[in-house]
Amino acid sequence: MVNSAPALEAPAVRAAGLVKMYPRSEGDVYALDHVTLAIPRGSSTVITGPSGSGKSTLLFLIAGLARPSEGHVTVLGQNLAGMNDDELADMRRSHIGFVFQNYHLIPTLTVCENVMLPLTPARLDALKVRAKALHCIEQVGLQKRINHLPGELSGGEQQRVALARALMNNPELILADEPTGNLDPESADTILSLLLDLGRSDCRTVILTSHNRDVAGRCEHQIRMEAGRLVP
Ligand SMILES: Nc1ncnc2c1ncn2[C@@H]1O[C@H](COP(=O)(O)OP(=O)(O)O)[C@@H](O)[C@H]1O
Ligand SMILES: [Mg+2]
């Protein structure tokens, strides 16, 4: 690592003493219980663990979509604790692509319109945004479906649209929460390969969660969680 620039050596994500606690009358729930980790840049990491172990909570804190009760997260060199909500939203828009288990597509918009969405509020030239969307759609192999509505696509195809949408801001970091959780094994394999290939080809950092241990072998790094804690 002697010749690498210092910025490239810094981890993509560093979490220190992360706690996420939900107060409940029947007893506090610790979704995350003092999690400390570092995830290297340009790598693929899967967070596995049973349902309820805190995988989504961890990913949401990394995305700045929720705030920790204790501890802090540094993402791409920026400490999220020091940012207000607008700054967090800006950071997500500029650097992060997020893929959800349930695709989160807008049913009344076409594939192309759904993929264009992240760049629509940026007041960029509509033709340029469309050209970028078509490129992202091509990267996930859906160029023959640009005018379809989500309801006219299979689950695997809808997740490919969600992946294309996540690529629109050319993110350094892609976060995917159970991206294959709703898919049959063949579609799951396609999505996973696309996600990892797209990450590798552009040196992006990819972090995904999965309750399926089979996914673990496909990623460079594995993190296992149980009851809000990392386990060896
Ligand atoms: N808003 C909430 N209020 C109370 N408990 C919550 C809330 N959100 C999540 N939890 C709890 O936090 C734990 C971790 O949840 P989650 O991160 O979704 O786990 P996973 O993604 O591994 O299935 C679970 O026990 C869940 O019930
Ligand atoms: Mg989850």
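Which residues does Leu163 touch, not counting residues up to four places away in sequence? Leu163 touches Val99, Val140, Ile191, Leu194 and Leu195, where contact puts two C-beta atoms, placed from the backbone, within 7 Å.

This is a predicted model, where local features need pLDDT of at least 70 and side-chain atom pairs count only at pLDDT 80 or more, while totals for chains, interfaces and linings use all residues. Residues are numbered from 1 along each chain as its sequence is written, with chains lettered from A and ligands numbered from 1 in the order in which they are written.

Leu163 also turns up in the largest nonpolar core, which has 58 residues. Such a core is a set of buried Ala, Val, Leu, Ile, Met, Phe, Trp, Tyr and Cys residues joined through C-beta atoms within 7 Å; buried takes 20 or more other C-beta atoms within 10 Å of a residue's own. Among those with the most contacts inside the core are Ile62, Val115 and Leu163.

Now to ligand 1. Tyr22, Val29, Gly49 and Lys55 are among the residues around ligand 1, near meaning a backbone-placed C-beta atom within 6 Å. Helix 2 gives the largest share of that shell, three residues.

Here are the elements that give two or more residues to the shell (DSSP runs: helices H or I of at least four residues, strands E of at least two).

| Element | Residues |
|---|---|
| Strand 2 | 29-39 |
| Helix 2 | 55-62 |

Strand 2 is also an edge strand of an open four-stranded sheet, order 2-1-4-5, with antiparallel pairing (at least two DSSP bridges). Eight bridges join strand 2 to strand 1, and Tyr22 stands opposite Val29.

How values were computed
Buried ≥ 20, exposed ≤ 12 C-beta atoms within 10 Å, placed from the backbone.
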